[in-house]
Amino acid sequence: LTSAARTVSRAQTPDELDESGPTELATVARAFNRMSRSLTQQQADRALILAGISHDLRTPLTRLRLELEMSPLPPDTQQAMVSDIEQMDAIVRQFLDYARNTPQSPVESIDLSALVSHAVTRCRLDTLPEVSLKLDVTPGLVIEGHPTELARAVDNLLTNALRYGRDEAGQLTLEVCCQREGEGAVASVADQGAGIPPESMERVLRPFERGD
């Protein structure tokens, strides 16, 4: 029973327990087996829903990219929008992998400098008159990691700065840095917004939470 409980705690499905023996142990074993089957069914249902949503999203994304590539937009704008669609497609692929219970892809070499610079370009920060941008990126910083997740993290930092980092006049002073630090590297996005109250920090770090 202890071994099976540990297996469940690792989000895995244990073998069914033997339900024979003394009444008390048989009752516990039956209850545990029912719980295990219920959890497995819930995981399967969730995977099916995620797979369906992710699959359906890929069709309009493909159509959007085709229409975009045929549009008369300026090349820079077109490339930035194509980059957005490619990132969305990569996120959808992650959902599909998660729904299929596919192991996370192995880490790979990432040009962090290029990743941060592309994120700034995607957000069109240099086209916004109310944004004062300082970009301090050491070129050629290569690290090991997961590129899609890392790009999403940097995008989230930049988006949060655009939403919450402005001063009272609506101006945004933004400093984006990417520097070598020891054996690794640090990417940072700094603004002059009010920040998060310390008592709210734990809550806003949960998924889908936001501050006031």
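A disulfide is a pair of cysteine sulfur atoms within 2.5 Å. With that cut-off in hand, welcome to a short tour of this predicted model, which holds zero disulfides. Its largest pocket has a volume of about 1,400 Å³, and helix α5 gives the largest share of that pocket's lining.

**Cysteines**

- Cys 123 cannot pair up here, because its sulfur is 15 Å from the closest cysteine sulfur, that of Cys 178, which is too far for a bond.
- Cys 178 is in no disulfide either, and the nearest cysteine sulfur to its own is that of Cys 177, 8.8 Å away.
- Both of these residues are shielded: Cys 123 counts as buried at 19% relative accessibility, and Cys 178 counts as buried at 0%.
- The cut-off for buried is under 20% relative accessible area, so the 19% of Cys 123 falls within it.

**Helix α5**

- Helix α5 runs over residues 147–164 and has 18 residues.
- From its first C-alpha to its last, α5 reaches 26 Å, close to the 26 Å expected at 1.5 Å a residue.
- Which residues of α5 are buried? They are Thr 148, Ala 151, Val 154, Asp 155, Leu 158, Ala 161 and Leu 162.
- Seen down the axis of α5, these buried residues fall within an arc of 150°, so they line one face of the helix.
- As background, an α-helix has 3.6 residues a turn, so residues three or four places apart point the same way.

**The largest pocket**

- The largest pocket is lined by 31 residues.
- Nearest the centre of the pocket lie Asn 156, Asn 160, Arg 163, Tyr 164 and Glu 209.
- Two or more lining residues come from each of α3 (75–99), α5 and α6 (201–204).
- Helix α5 supplies nine residues, the largest share of the lining.

**Ala 47 in helix α2**

- Ala 47 lies in helix α2, which covers residues 23–69.
- With a relative accessible area of 17%, Ala 47 is buried.
- Ala 47 and Leu 96 are 49 residues apart along the chain, and their C-alpha atoms are separated by 8.4 Å.

Methods
Residues are numbered from 1 along each chain as its sequence is written. This is a predicted model: local features need pLDDT of at least 70, side-chain atom pairs count only at pLDDT 80 or more; totals for chains, interfaces and linings use all residues. Side-chain values use heavy atoms; hydrogens and water are left out. Buried means under 20% relative accessible area, exposed over 50%, partly exposed in between (1.4 Å probe, protein chains only). Helices (H or I, at least four residues) and strands (E, at least two) are DSSP runs, numbered from the N terminus. The expected span of a helix is 1.5 Å times one less than its number of residues. The arc is that of the directions from the helix axis to the C-beta atoms. On a 1 Å grid over the protein atoms alone, a cavity is a set of points where a 1.4 Å probe fits but cannot get out, and a pocket is an open set with protein on both sides within 12 Å along at least five of seven lines; lining residues have an atom within 4 Å of a point. Grid points are joined across faces, edges and corners, and a volume is the space filled by probe spheres set on the points.
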